[in-house]
Amino acid sequence: MLSRRGGYLLILPAAVIYGGLFVAAAIYFFTLSFWSVRSFRVVADFTLKNYVKTFTAYLGSAETTLLIAVAIALSATLLGFYYAWLIRFRAGSWAPALLFIALITLFGGYLMKIYAWKTMLGESGAINSALMAVGLIDRPISALLYSPAAVIITLTHFLLPFAILPVFASMRGITDAEIDSARDLGASRAQVLKDIVVPRARPGIMAGFSLCFLISVGDYLTPLLVGGKMAMFGQLIAPQFGSFFNWPLGSAMSFSILAVSLAILALVYAALARIGRP
Amino acid sequence: MSVTTPAGVGSLRDGLSFRDLAHRIVGGIFVLVLLSPLILVVLFAFSDKAISNFPIEGWSLRWWREMLDFEPFPTALLNSLKIGLAVGVLAAVIGTMAALGLVALPARRAQLAMTIFALPLMLPPLFIGVMLLVWYLFLKLQLGLGTVVLSHLLFTLPFVIIVVYARLASFDFRTVEAARDLGASPLRAFIDVTLPVIRPMVIGAALMAVALSVDDFVLTSFTIGGGNTLPILVMSSLRRSVTPMTNAIGAMLIVSSIASTLVALHLTRYRG
(Lines give C-alpha, C1' and ligand atoms only; values in the text may rest on other atoms or scores of the structure.)
Protein backbone atom coordinates (compact mmCIF):
# COMPACT_ATOMS: atom_id res chain seq x y z
CA MET A 1 0.00 0.00 0.00
CA LEU A 2 1.19 3.47 -0.87
CA SER A 3 1.91 6.10 1.70
CA ARG A 4 -0.72 8.81 1.90
CA ARG A 5 1.72 11.37 0.49
CA GLY A 6 2.46 9.06 -2.45
CA GLY A 7 -1.30 8.79 -2.93
CA TYR A 8 -1.77 12.54 -3.22
CA LEU A 9 1.17 12.70 -5.63
CA LEU A 10 -0.51 10.19 -7.95
CA ILE A 11 -3.80 12.12 -7.85
CA LEU A 12 -1.96 15.33 -8.75
CA PRO A 13 -2.19 15.14 -12.59
CA ALA A 14 -5.95 14.50 -12.48
CA ALA A 15 -6.35 17.24 -9.86
CA VAL A 16 -4.37 19.70 -12.00
CA ILE A 17 -6.60 18.99 -15.01
CA TYR A 18 -9.72 19.32 -12.87
CA GLY A 19 -8.53 22.49 -11.15
CA GLY A 20 -7.00 24.09 -14.23
CA LEU A 21 -9.89 23.33 -16.57
CA PHE A 22 -12.99 23.11 -14.41
CA VAL A 23 -12.50 25.12 -11.20
CA ALA A 24 -10.42 27.93 -12.68
CA ALA A 25 -12.62 28.11 -15.79
CA ALA A 26 -15.77 28.24 -13.66
CA ILE A 27 -14.38 31.08 -11.52
CA TYR A 28 -13.36 33.05 -14.62
CA PHE A 29 -16.70 32.33 -16.29
CA PHE A 30 -18.58 33.56 -13.22
CA THR A 31 -16.48 36.74 -12.99
CA LEU A 32 -17.22 37.35 -16.67
CA SER A 33 -20.94 37.63 -15.91
CA PHE A 34 -20.31 40.96 -14.12
CA TRP A 35 -18.28 42.43 -16.98
CA SER A 36 -19.55 44.19 -20.05
CA VAL A 37 -18.96 44.42 -23.78
CA ARG A 38 -18.04 47.67 -25.50
CA SER A 39 -17.46 47.85 -29.26
CA PHE A 40 -16.93 44.09 -29.49
CA ARG A 41 -14.42 43.97 -26.64
CA VAL A 42 -14.98 42.43 -23.26
CA VAL A 43 -14.32 45.09 -20.61
CA ALA A 44 -13.63 44.23 -16.98
CA ASP A 45 -15.91 46.30 -14.76
CA PHE A 46 -18.59 45.51 -12.24
CA THR A 47 -22.17 45.61 -13.43
CA LEU A 48 -25.36 43.68 -12.76
CA LYS A 49 -26.93 44.66 -16.07
CA ASN A 50 -26.34 41.22 -17.60
CA TYR A 51 -28.43 39.65 -14.85
CA VAL A 52 -31.07 42.38 -15.15
CA LYS A 53 -31.29 41.72 -18.88
CA THR A 54 -31.50 37.96 -18.33
CA PHE A 55 -34.40 38.32 -15.92
CA THR A 56 -36.29 40.82 -18.07
CA ALA A 57 -35.69 40.01 -21.74
CA TYR A 58 -35.46 36.23 -21.52
CA LEU A 59 -38.00 35.40 -18.82
CA GLY A 60 -40.53 33.89 -21.22
CA SER A 61 -38.06 31.55 -22.81
CA ALA A 62 -36.72 30.54 -19.39
CA GLU A 63 -40.24 29.64 -18.27
CA THR A 64 -40.88 27.47 -21.36
CA THR A 65 -37.48 25.81 -20.97
CA LEU A 66 -37.99 24.97 -17.31
CA LEU A 67 -41.50 23.62 -17.96
CA ILE A 68 -40.33 21.41 -20.80
CA ALA A 69 -37.31 20.26 -18.77
CA VAL A 70 -39.60 19.31 -15.86
CA ALA A 71 -41.83 17.38 -18.27
CA ILE A 72 -38.84 15.55 -19.76
CA ALA A 73 -37.27 14.80 -16.37
CA LEU A 74 -40.61 13.57 -15.01
CA SER A 75 -41.32 11.27 -17.94
CA ALA A 76 -37.75 9.97 -18.09
CA THR A 77 -37.68 9.33 -14.32
CA LEU A 78 -41.10 7.63 -14.24
CA LEU A 79 -40.32 5.43 -17.24
CA GLY A 80 -36.80 4.82 -15.93
CA PHE A 81 -38.18 3.86 -12.51
CA TYR A 82 -40.50 1.35 -14.12
CA TYR A 83 -37.71 -0.12 -16.27
CA ALA A 84 -35.37 -0.35 -13.25
CA TRP A 85 -38.16 -1.97 -11.24
CA LEU A 86 -38.66 -4.51 -14.05
CA ILE A 87 -34.94 -5.34 -14.05
CA ARG A 88 -34.76 -5.68 -10.27
CA PHE A 89 -38.03 -7.42 -9.44
CA ARG A 90 -39.64 -8.90 -12.54
CA ALA A 91 -37.17 -9.71 -15.30
CA GLY A 92 -35.49 -12.70 -13.65
CA SER A 93 -33.05 -14.25 -16.09
CA TRP A 94 -33.69 -11.42 -18.55
CA ALA A 95 -32.40 -8.83 -16.08
CA PRO A 96 -28.76 -8.76 -17.28
CA ALA A 97 -29.91 -8.31 -20.89
CA LEU A 98 -32.26 -5.43 -19.99
CA LEU A 99 -29.51 -3.75 -17.95
CA PHE A 100 -27.07 -4.26 -20.80
CA ILE A 101 -29.40 -2.51 -23.25
CA ALA A 102 -29.69 0.47 -20.90
CA LEU A 103 -25.89 0.66 -20.61
CA ILE A 104 -25.35 0.38 -24.37
CA THR A 105 -27.70 3.27 -25.02
CA LEU A 106 -25.92 5.34 -22.34
CA PHE A 107 -22.59 5.42 -24.15
CA GLY A 108 -22.63 7.13 -27.47
CA GLY A 109 -25.19 8.28 -29.92
CA TYR A 110 -26.42 11.68 -28.61
CA LEU A 111 -26.45 13.41 -31.98
CA MET A 112 -27.40 10.19 -33.75
CA LYS A 113 -30.47 9.80 -31.54
CA ILE A 114 -31.66 13.30 -32.39
CA TYR A 115 -30.94 12.56 -36.04
CA ALA A 116 -32.82 9.25 -35.85
CA TRP A 117 -35.88 10.88 -34.28
CA LYS A 118 -35.79 13.62 -36.91
CA THR A 119 -35.94 11.07 -39.71
CA MET A 120 -38.51 8.97 -37.82
CA LEU A 121 -40.92 11.78 -36.90
CA GLY A 122 -40.99 13.55 -40.28
CA GLU A 123 -43.99 13.49 -42.64
CA SER A 124 -42.32 10.90 -44.85
CA GLY A 125 -40.51 9.40 -41.87
CA ALA A 126 -40.54 5.91 -40.47
CA ILE A 127 -43.40 6.40 -37.99
CA ASN A 128 -45.81 8.08 -40.41
CA SER A 129 -44.96 5.70 -43.25
CA ALA A 130 -45.35 2.69 -40.98
CA LEU A 131 -48.70 3.93 -39.61
CA MET A 132 -49.90 4.56 -43.15
CA ALA A 133 -48.69 1.19 -44.37
CA VAL A 134 -50.64 -0.53 -41.59
CA GLY A 135 -53.65 1.60 -42.48
CA LEU A 136 -54.08 3.36 -39.13
CA ILE A 137 -53.94 6.82 -40.75
CA ASP A 138 -54.60 8.08 -44.30
CA ARG A 139 -52.46 11.20 -44.21
CA PRO A 140 -49.15 11.74 -42.39
CA ILE A 141 -49.38 13.51 -39.01
CA SER A 142 -47.31 16.63 -39.61
CA ALA A 143 -47.32 17.78 -35.98
CA LEU A 144 -45.02 14.92 -34.95
CA LEU A 145 -41.89 16.79 -35.96
CA TYR A 146 -40.95 20.43 -35.18
CA SER A 147 -42.99 20.70 -32.00
CA PRO A 148 -42.41 20.71 -28.24
CA ALA A 149 -43.70 17.12 -28.27
CA ALA A 150 -40.84 16.11 -30.57
CA VAL A 151 -38.34 17.69 -28.15
CA ILE A 152 -39.90 15.88 -25.19
CA ILE A 153 -39.94 12.52 -27.01
CA THR A 154 -36.37 12.84 -28.27
CA LEU A 155 -34.85 13.98 -24.99
CA THR A 156 -36.83 11.50 -22.89
CA HIS A 157 -35.48 8.72 -25.10
CA PHE A 158 -31.93 10.04 -24.86
CA LEU A 159 -32.10 10.51 -21.08
CA LEU A 160 -33.80 7.20 -20.17
CA PRO A 161 -30.51 5.41 -19.35
CA PHE A 162 -29.51 8.38 -17.16
CA ALA A 163 -32.64 7.73 -15.11
CA ILE A 164 -32.62 3.92 -15.25
CA LEU A 165 -29.07 3.37 -14.00
CA PRO A 166 -29.07 5.40 -10.75
CA VAL A 167 -32.56 4.17 -9.83
CA PHE A 168 -31.55 0.57 -10.47
CA ALA A 169 -28.32 1.05 -8.47
CA SER A 170 -30.36 2.19 -5.47
CA MET A 171 -32.86 -0.67 -5.88
CA ARG A 172 -30.07 -3.24 -5.72
CA GLY A 173 -29.89 -2.75 -1.97
CA ILE A 174 -33.49 -3.89 -1.44
CA THR A 175 -33.55 -7.59 -0.56
CA ASP A 176 -36.25 -10.04 -1.60
CA ALA A 177 -36.68 -10.91 2.08
CA GLU A 178 -37.84 -7.37 2.89
CA ILE A 179 -40.45 -7.45 0.15
CA ASP A 180 -41.57 -10.98 1.05
CA SER A 181 -41.99 -10.26 4.73
CA ALA A 182 -43.99 -7.12 4.00
CA ARG A 183 -46.23 -9.13 1.66
CA ASP A 184 -46.57 -11.95 4.21
CA LEU A 185 -47.65 -9.42 6.81
CA GLY A 186 -50.45 -8.39 4.48
CA ALA A 187 -49.07 -5.34 2.66
CA SER A 188 -50.57 -4.80 -0.78
CA ARG A 189 -48.36 -4.40 -3.85
CA ALA A 190 -49.08 -0.68 -3.82
CA GLN A 191 -48.09 -0.41 -0.14
CA VAL A 192 -44.84 -2.29 -0.78
CA LEU A 193 -44.08 0.12 -3.61
CA LYS A 194 -44.94 3.20 -1.56
CA ASP A 195 -43.45 2.16 1.77
CA ILE A 196 -40.41 0.12 0.76
CA VAL A 197 -39.36 0.45 -2.87
CA VAL A 198 -39.78 4.21 -3.41
CA PRO A 199 -38.20 5.31 -0.08
CA ARG A 200 -35.26 2.96 -0.57
CA ALA A 201 -34.79 4.03 -4.20
CA ARG A 202 -35.11 7.72 -3.31
CA PRO A 203 -31.39 8.62 -3.69
CA GLY A 204 -31.41 7.05 -7.15
CA ILE A 205 -34.68 8.72 -8.13
CA MET A 206 -33.30 12.10 -7.03
CA ALA A 207 -30.00 11.55 -8.87
CA GLY A 208 -31.78 10.43 -12.04
CA PHE A 209 -34.29 13.28 -11.95
CA SER A 210 -31.58 15.92 -11.34
CA LEU A 211 -29.39 14.59 -14.14
CA CYS A 212 -32.28 14.49 -16.65
CA PHE A 213 -33.53 17.91 -15.56
CA LEU A 214 -30.16 19.68 -15.72
CA ILE A 215 -29.20 18.16 -19.08
CA SER A 216 -32.61 19.12 -20.54
CA VAL A 217 -32.36 22.70 -19.23
CA GLY A 218 -29.01 23.17 -20.96
CA ASP A 219 -29.80 21.32 -24.16
CA TYR A 220 -29.85 23.40 -27.30
CA LEU A 221 -29.40 20.93 -30.14
CA THR A 222 -32.63 18.97 -29.71
CA PRO A 223 -34.95 22.01 -29.87
CA LEU A 224 -32.82 23.42 -32.71
CA LEU A 225 -33.16 20.27 -34.80
CA VAL A 226 -36.62 18.92 -33.96
CA GLY A 227 -38.31 21.73 -32.00
CA GLY A 228 -39.43 23.94 -34.89
CA LYS A 229 -40.22 27.54 -33.91
CA MET A 230 -39.84 27.06 -30.17
CA ALA A 231 -36.69 28.47 -28.55
CA MET A 232 -35.25 26.91 -25.45
CA PHE A 233 -32.84 28.82 -23.23
CA GLY A 234 -29.74 27.02 -24.48
CA GLN A 235 -30.50 28.21 -28.01
CA LEU A 236 -30.29 31.78 -26.71
CA ILE A 237 -27.08 31.14 -24.77
CA ALA A 238 -25.08 29.44 -27.54
CA PRO A 239 -25.07 32.38 -30.04
CA GLN A 240 -23.78 34.75 -27.32
CA PHE A 241 -20.49 32.89 -27.75
CA GLY A 242 -20.70 32.95 -31.54
CA SER A 243 -22.38 35.45 -33.81
CA PHE A 244 -23.75 37.80 -31.07
CA PHE A 245 -20.43 37.97 -29.23
CA ASN A 246 -21.73 38.85 -25.80
CA TRP A 247 -19.87 36.55 -23.42
CA PRO A 248 -20.82 38.43 -20.23
CA LEU A 249 -24.52 38.17 -21.06
CA GLY A 250 -24.11 34.50 -22.04
CA SER A 251 -22.36 33.83 -18.76
CA ALA A 252 -25.04 35.63 -16.71
CA MET A 253 -27.72 33.66 -18.58
CA SER A 254 -25.93 30.37 -17.87
CA PHE A 255 -25.52 31.02 -14.16
CA SER A 256 -29.06 32.38 -13.79
CA ILE A 257 -30.74 29.36 -15.36
CA LEU A 258 -28.44 27.05 -13.38
CA ALA A 259 -29.34 28.79 -10.11
CA VAL A 260 -33.08 28.66 -10.84
CA SER A 261 -32.75 24.99 -11.85
CA LEU A 262 -31.00 24.12 -8.60
CA ALA A 263 -33.73 25.93 -6.65
CA ILE A 264 -36.37 23.88 -8.48
CA LEU A 265 -34.45 20.69 -7.73
CA ALA A 266 -34.37 21.62 -4.05
CA LEU A 267 -38.18 21.92 -4.11
CA VAL A 268 -38.49 18.57 -5.85
CA TYR A 269 -36.24 16.97 -3.22
CA ALA A 270 -38.37 18.39 -0.43
CA ALA A 271 -41.53 17.06 -2.09
CA LEU A 272 -40.03 13.65 -2.75
CA ALA A 273 -38.75 13.36 0.81
CA ARG A 274 -42.38 13.37 2.01
CA ILE A 275 -43.35 10.30 0.00
CA GLY A 276 -43.30 7.11 2.00
CA ARG A 277 -42.71 8.82 5.32
CA PRO A 278 -44.78 7.14 8.04
CA MET B 1 -38.51 -14.79 -12.65
CA SER B 2 -37.37 -14.93 -9.09
CA VAL B 3 -39.33 -17.64 -7.30
CA THR B 4 -38.91 -15.95 -3.91
CA THR B 5 -41.15 -13.02 -4.77
CA PRO B 6 -44.90 -13.37 -4.24
CA ALA B 7 -45.51 -12.90 -7.96
CA GLY B 8 -43.09 -15.72 -8.65
CA VAL B 9 -45.01 -18.00 -6.31
CA GLY B 10 -48.21 -16.97 -8.06
CA SER B 11 -46.82 -17.78 -11.45
CA LEU B 12 -45.71 -21.22 -10.27
CA ARG B 13 -49.26 -21.90 -9.18
CA ASP B 14 -51.23 -20.76 -12.17
CA GLY B 15 -48.68 -20.43 -14.95
CA LEU B 16 -48.08 -17.00 -16.46
CA SER B 17 -50.37 -14.51 -14.72
CA PHE B 18 -51.98 -11.67 -16.62
CA ARG B 19 -49.92 -9.19 -14.61
CA ASP B 20 -46.65 -10.89 -15.60
CA LEU B 21 -47.69 -11.01 -19.23
CA ALA B 22 -48.48 -7.29 -19.18
CA HIS B 23 -45.08 -6.50 -17.67
CA ARG B 24 -43.38 -8.61 -20.31
CA ILE B 25 -45.16 -6.82 -23.13
CA VAL B 26 -44.39 -3.37 -21.72
CA GLY B 27 -40.78 -4.40 -21.09
CA GLY B 28 -40.54 -5.55 -24.70
CA ILE B 29 -41.89 -2.21 -25.92
CA PHE B 30 -39.29 -0.41 -23.79
CA VAL B 31 -36.46 -2.39 -25.34
CA LEU B 32 -37.87 -1.79 -28.81
CA VAL B 33 -38.18 1.96 -28.28
CA LEU B 34 -34.73 2.22 -26.68
CA LEU B 35 -33.02 0.43 -29.53
CA SER B 36 -35.14 1.17 -32.61
CA PRO B 37 -33.78 4.65 -33.45
CA LEU B 38 -30.26 3.23 -33.49
CA ILE B 39 -31.28 0.13 -35.44
CA LEU B 40 -33.20 2.22 -38.00
CA VAL B 41 -30.20 4.46 -38.73
CA VAL B 42 -28.11 1.38 -39.46
CA LEU B 43 -30.91 -0.19 -41.53
CA PHE B 44 -31.52 2.93 -43.62
CA ALA B 45 -27.77 3.25 -44.29
CA PHE B 46 -28.18 0.18 -46.53
CA SER B 47 -31.47 1.25 -48.10
CA ASP B 48 -31.45 2.03 -51.80
CA LYS B 49 -34.00 4.86 -51.51
CA ALA B 50 -33.15 8.55 -51.20
CA ILE B 51 -35.63 8.98 -48.33
CA SER B 52 -35.16 7.23 -45.00
CA ASN B 53 -38.55 5.58 -44.59
CA PHE B 54 -40.51 2.37 -44.98
CA PRO B 55 -40.94 0.26 -46.99
CA ILE B 56 -37.28 -0.39 -47.77
CA GLU B 57 -37.43 -1.40 -51.42
CA GLY B 58 -33.89 -2.49 -52.09
CA TRP B 59 -30.51 -2.75 -50.43
CA SER B 60 -27.38 -1.03 -51.65
CA LEU B 61 -24.03 0.34 -50.59
CA ARG B 62 -24.42 3.58 -52.54
CA TRP B 63 -24.52 5.78 -49.41
CA TRP B 64 -21.31 4.19 -48.14
CA ARG B 65 -19.61 4.90 -51.48
CA GLU B 66 -20.93 8.46 -51.35
CA MET B 67 -19.57 8.82 -47.82
CA LEU B 68 -16.10 7.69 -48.93
CA ASP B 69 -16.21 10.16 -51.82
CA PHE B 70 -17.47 12.98 -49.58
CA GLU B 71 -14.62 15.49 -49.59
CA PRO B 72 -14.43 16.43 -45.85
CA PHE B 73 -14.95 12.82 -44.72
CA PRO B 74 -11.32 11.53 -44.54
CA THR B 75 -10.08 14.49 -42.46
CA ALA B 76 -13.09 14.28 -40.15
CA LEU B 77 -12.55 10.55 -39.62
CA LEU B 78 -8.86 11.08 -38.98
CA ASN B 79 -9.53 13.92 -36.51
CA SER B 80 -12.07 11.82 -34.64
CA LEU B 81 -9.61 8.93 -34.44
CA LYS B 82 -6.75 11.17 -33.30
CA ILE B 83 -8.84 12.81 -30.59
CA GLY B 84 -10.37 9.51 -29.47
CA LEU B 85 -7.01 7.77 -29.27
CA ALA B 86 -5.33 10.62 -27.38
CA VAL B 87 -8.26 10.87 -24.95
CA GLY B 88 -8.30 7.09 -24.43
CA VAL B 89 -4.57 6.85 -23.65
CA LEU B 90 -4.35 10.01 -21.52
CA ALA B 91 -7.55 9.26 -19.59
CA ALA B 92 -6.35 5.69 -18.94
CA VAL B 93 -2.91 6.79 -17.66
CA ILE B 94 -3.99 9.82 -15.62
CA GLY B 95 -7.18 8.14 -14.36
CA THR B 96 -5.37 4.96 -13.28
CA MET B 97 -2.75 7.02 -11.46
CA ALA B 98 -5.50 8.92 -9.65
CA ALA B 99 -7.32 5.68 -8.76
CA LEU B 100 -4.08 4.22 -7.36
CA GLY B 101 -3.61 7.37 -5.33
CA LEU B 102 -7.19 7.35 -4.06
CA VAL B 103 -7.01 3.80 -2.64
CA ALA B 104 -4.17 5.00 -0.42
CA LEU B 105 -6.58 7.49 1.18
CA PRO B 106 -9.34 6.76 3.70
CA ALA B 107 -12.39 5.39 1.81
CA ARG B 108 -14.64 8.29 2.83
CA ARG B 109 -12.23 10.88 1.51
CA ALA B 110 -11.72 8.90 -1.72
CA GLN B 111 -15.50 8.77 -2.28
CA LEU B 112 -15.75 12.51 -1.72
CA ALA B 113 -12.91 13.12 -4.19
CA MET B 114 -14.63 10.96 -6.80
CA THR B 115 -17.92 12.83 -6.36
CA ILE B 116 -16.06 16.10 -6.93
CA PHE B 117 -14.29 14.68 -10.00
CA ALA B 118 -17.69 13.62 -11.40
CA LEU B 119 -19.23 17.12 -11.06
CA PRO B 120 -18.58 18.14 -14.71
CA LEU B 121 -20.73 15.17 -15.77
CA MET B 122 -23.75 16.60 -13.98
CA LEU B 123 -23.72 19.98 -15.72
CA PRO B 124 -25.20 20.53 -19.19
CA PRO B 125 -22.47 20.07 -21.83
CA LEU B 126 -23.36 23.48 -23.30
CA PHE B 127 -22.25 25.24 -20.07
CA ILE B 128 -18.99 23.30 -19.94
CA GLY B 129 -18.44 23.98 -23.65
CA VAL B 130 -18.84 27.76 -23.54
CA MET B 131 -16.99 27.95 -20.21
CA LEU B 132 -13.98 26.12 -21.66
CA LEU B 133 -14.10 28.19 -24.86
CA VAL B 134 -13.76 31.53 -23.04
CA TRP B 135 -11.18 30.04 -20.66
CA TYR B 136 -8.97 28.75 -23.51
CA LEU B 137 -9.21 32.11 -25.25
CA PHE B 138 -8.31 33.88 -21.98
CA LEU B 139 -5.26 31.61 -21.65
CA LYS B 140 -4.47 32.36 -25.31
CA LEU B 141 -4.37 28.66 -26.14
CA GLN B 142 -4.51 27.81 -29.84
CA LEU B 143 -7.92 26.18 -30.40
CA GLY B 144 -7.61 22.84 -32.17
CA LEU B 145 -7.42 19.12 -31.59
CA GLY B 146 -5.31 19.69 -28.45
CA THR B 147 -7.92 21.82 -26.71
CA VAL B 148 -10.61 19.29 -27.68
CA VAL B 149 -8.57 16.49 -26.05
CA LEU B 150 -8.23 18.60 -22.87
CA SER B 151 -11.98 19.23 -22.83
CA HIS B 152 -12.77 15.55 -23.27
CA LEU B 153 -10.47 14.56 -20.41
CA LEU B 154 -12.72 16.52 -18.09
CA PHE B 155 -15.70 14.20 -18.60
CA THR B 156 -13.90 10.92 -19.37
CA LEU B 157 -11.49 10.91 -16.40
CA PRO B 158 -14.24 10.32 -13.79
CA PHE B 159 -15.30 7.11 -15.58
CA VAL B 160 -11.75 5.72 -15.58
CA ILE B 161 -11.16 6.72 -11.96
CA ILE B 162 -14.43 5.18 -10.70
CA VAL B 163 -14.06 1.91 -12.66
CA VAL B 164 -10.40 1.33 -11.77
CA TYR B 165 -10.89 2.41 -8.13
CA ALA B 166 -13.73 -0.09 -7.75
CA ARG B 167 -11.35 -2.93 -8.66
CA LEU B 168 -8.48 -1.61 -6.54
CA ALA B 169 -10.73 -1.26 -3.49
CA SER B 170 -10.93 -5.07 -3.26
CA PHE B 171 -7.28 -5.66 -4.26
CA ASP B 172 -4.99 -7.32 -1.72
CA PHE B 173 -2.03 -4.95 -1.49
CA ARG B 174 -0.04 -7.48 0.56
CA THR B 175 0.91 -9.06 -2.79
CA VAL B 176 2.61 -5.80 -3.76
CA GLU B 177 4.35 -5.64 -0.38
CA ALA B 178 5.57 -9.20 -0.88
CA ALA B 179 7.05 -8.25 -4.24
CA ARG B 180 8.71 -5.21 -2.68
CA ASP B 181 10.13 -7.36 0.17
CA LEU B 182 11.63 -9.66 -2.43
CA GLY B 183 13.50 -6.71 -3.90
CA ALA B 184 11.23 -5.42 -6.69
CA SER B 185 11.31 -1.67 -7.32
CA PRO B 186 7.96 0.15 -6.88
CA LEU B 187 7.60 0.37 -10.65
CA ARG B 188 8.53 -3.31 -11.15
CA ALA B 189 6.02 -4.32 -8.47
CA PHE B 190 3.33 -2.23 -10.15
CA ILE B 191 4.01 -3.70 -13.61
CA ASP B 192 4.26 -7.32 -12.43
CA VAL B 193 1.67 -7.44 -9.66
CA THR B 194 -0.88 -4.60 -9.72
CA LEU B 195 -1.17 -3.99 -13.46
CA PRO B 196 -2.15 -7.55 -14.48
CA VAL B 197 -5.02 -7.39 -11.99
CA ILE B 198 -6.40 -4.02 -13.06
CA ARG B 199 -5.54 -4.27 -16.78
CA PRO B 200 -9.06 -5.30 -17.95
CA MET B 201 -10.59 -2.36 -16.06
CA VAL B 202 -8.02 0.09 -17.43
CA ILE B 203 -8.53 -1.06 -21.02
CA GLY B 204 -12.31 -1.19 -20.63
CA ALA B 205 -12.47 2.26 -19.08
CA ALA B 206 -10.20 3.61 -21.82
CA LEU B 207 -12.62 2.20 -24.41
CA MET B 208 -15.54 3.92 -22.63
CA ALA B 209 -13.53 7.14 -22.79
CA VAL B 210 -12.94 6.64 -26.53
CA ALA B 211 -16.64 5.95 -27.12
CA LEU B 212 -17.66 9.09 -25.20
CA SER B 213 -15.01 11.19 -26.92
CA VAL B 214 -15.77 10.09 -30.49
CA ASP B 215 -19.48 10.67 -29.83
CA ASP B 216 -19.15 14.17 -28.38
CA PHE B 217 -20.42 17.07 -30.42
CA VAL B 218 -21.10 19.96 -28.01
CA LEU B 219 -17.71 20.33 -26.30
CA THR B 220 -15.91 19.57 -29.56
CA SER B 221 -17.77 22.17 -31.60
CA PHE B 222 -17.06 24.92 -29.06
CA THR B 223 -13.38 24.12 -28.49
CA ILE B 224 -12.09 22.90 -31.87
CA GLY B 225 -12.00 26.39 -33.36
CA GLY B 226 -12.58 25.10 -36.91
CA GLY B 227 -12.05 21.72 -38.48
CA ASN B 228 -14.25 18.67 -38.60
CA THR B 229 -14.94 15.53 -36.64
CA LEU B 230 -17.52 12.89 -37.57
CA PRO B 231 -20.28 14.30 -35.29
CA ILE B 232 -19.60 17.78 -36.70
CA LEU B 233 -20.15 16.37 -40.21
CA VAL B 234 -23.41 14.78 -39.07
CA MET B 235 -24.49 18.08 -37.54
CA SER B 236 -23.75 20.13 -40.64
CA SER B 237 -25.68 17.69 -42.82
CA LEU B 238 -28.54 17.80 -40.29
CA ARG B 239 -28.79 21.56 -40.63
CA ARG B 240 -28.92 21.37 -44.39
CA SER B 241 -31.12 18.78 -46.06
CA VAL B 242 -30.64 15.29 -44.73
CA THR B 243 -29.25 12.83 -47.27
CA PRO B 244 -29.07 9.12 -46.50
CA MET B 245 -25.29 9.47 -46.58
CA THR B 246 -25.68 10.80 -43.04
CA ASN B 247 -27.15 7.39 -42.19
CA ALA B 248 -23.89 5.79 -43.28
CA ILE B 249 -21.73 8.10 -41.14
CA GLY B 250 -24.19 7.66 -38.28
CA ALA B 251 -24.27 3.89 -38.65
CA MET B 252 -20.49 3.86 -38.48
CA LEU B 253 -20.52 5.97 -35.31
CA ILE B 254 -23.23 3.86 -33.70
CA VAL B 255 -21.70 0.49 -34.53
CA SER B 256 -18.23 1.55 -33.40
CA SER B 257 -19.49 3.05 -30.14
CA ILE B 258 -21.68 0.01 -29.36
CA ALA B 259 -18.83 -2.35 -30.21
CA SER B 260 -16.35 -0.57 -27.96
CA THR B 261 -18.98 -0.32 -25.22
CA LEU B 262 -19.66 -4.06 -25.46
CA VAL B 263 -15.96 -4.87 -25.11
CA ALA B 264 -15.65 -2.33 -22.30
CA LEU B 265 -18.62 -3.75 -20.38
CA HIS B 266 -17.26 -7.26 -20.81
CA LEU B 267 -13.79 -6.30 -19.56
CA THR B 268 -14.82 -4.10 -16.65
CA ARG B 269 -17.98 -5.93 -15.62
CA TYR B 270 -19.20 -2.35 -15.11
CA ARG B 271 -22.95 -2.43 -14.44
CA GLY B 272 -23.96 1.14 -13.82
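Reader: How many residues of chain A are in contact with chain B, and how many residues of chain B take part?

Author: This is a predicted model. In it, 79 residues of chain A are in contact with 91 residues of chain B. Contact here requires heavy atoms within 4.5 Å.

Reader: What area is buried between chain A and chain B?

Author: The size of an interface is often given as the accessible area lost when the parts come together. Between chain A and chain B that area is about 7,900 Å², and carbon and sulfur atoms give 79% of it.

Reader: How many salt bridges are counted between chain A and chain B?

Author: The count is 0 salt bridges between chain A and chain B. To be counted, a side-chain nitrogen of Lys or Arg must lie within 4 Å of a carboxyl oxygen of Asp or Glu.

Reader: Which helices illustrate the contact between the chains, and what is their angle?

Author: Helix H3 (residues 59-90) of chain A and helix H2 (residues 18-44) of chain B have axes that come within 11 Å and cross at roughly 125 degrees.

Reader: Why is H3(A) called oblique to H2(B)?

Author: Angles from 65 to 115 degrees count as roughly perpendicular and those over 145 as roughly antiparallel, and the rest here are oblique. The crossing at roughly 125 degrees therefore makes H3(A) oblique to H2(B). The crossing is also left-handed. Among the residues that make the contact are Tyr82(A), Trp85(A) and Arg90(A) of H3(A), with Asp20(B), His23(B) and Phe30(B) of H2(B). By class, this contact has 9 nonpolar, 2 polar and 2 charged residues.

Reader: What makes H10(B) and H13(B) roughly antiparallel?

Author: The axes of H10 (residues 186-215) and H13 (residues 245-268), both of chain B, come within 8 Å and cross at roughly 160 degrees. Angles over 145 degrees count as roughly antiparallel, and H10(B) and H13(B) are therefore given that name. Their crossing is left-handed. The contact of H10(B) with H13(B) has 12 nonpolar, 5 polar and no charged residues.

Reader: Which residues of H5(A) meet H6(A), and how do the residues of the contact divide by class?

Author: Trp117(A), Thr119(A), Met120(A) and Leu121(A) in H5(A) meet Ala126(A), Ile127(A) and Asn128(A) in H6(A). They divide into 5 nonpolar, 2 polar and no charged. The two helices pack at an angle of about 35 degrees, with their axes 4 Å apart.

Notes. Residues numbered from 1 in each chain as written. Chains lettered and ligands numbered in written order. Predicted model: local features only at pLDDT ≥ 70, side-chain atom pairs only at ≥ 80, totals over all residues. Heavy atoms only, no water. Axes fitted to C-alpha atoms, helices over the stretch in contact; angles between N-to-C directions. Parallel < 35°, antiparallel > 145°, perpendicular 65-115°, else oblique. Left-handed = near helix turned anticlockwise from the far one by under 90°. Nonpolar A, V, L, I, M, F, W, Y, C, P; charged D, E, K, R; others polar. Buried area = accessible area lost by both parts, 1.4 Å probe.
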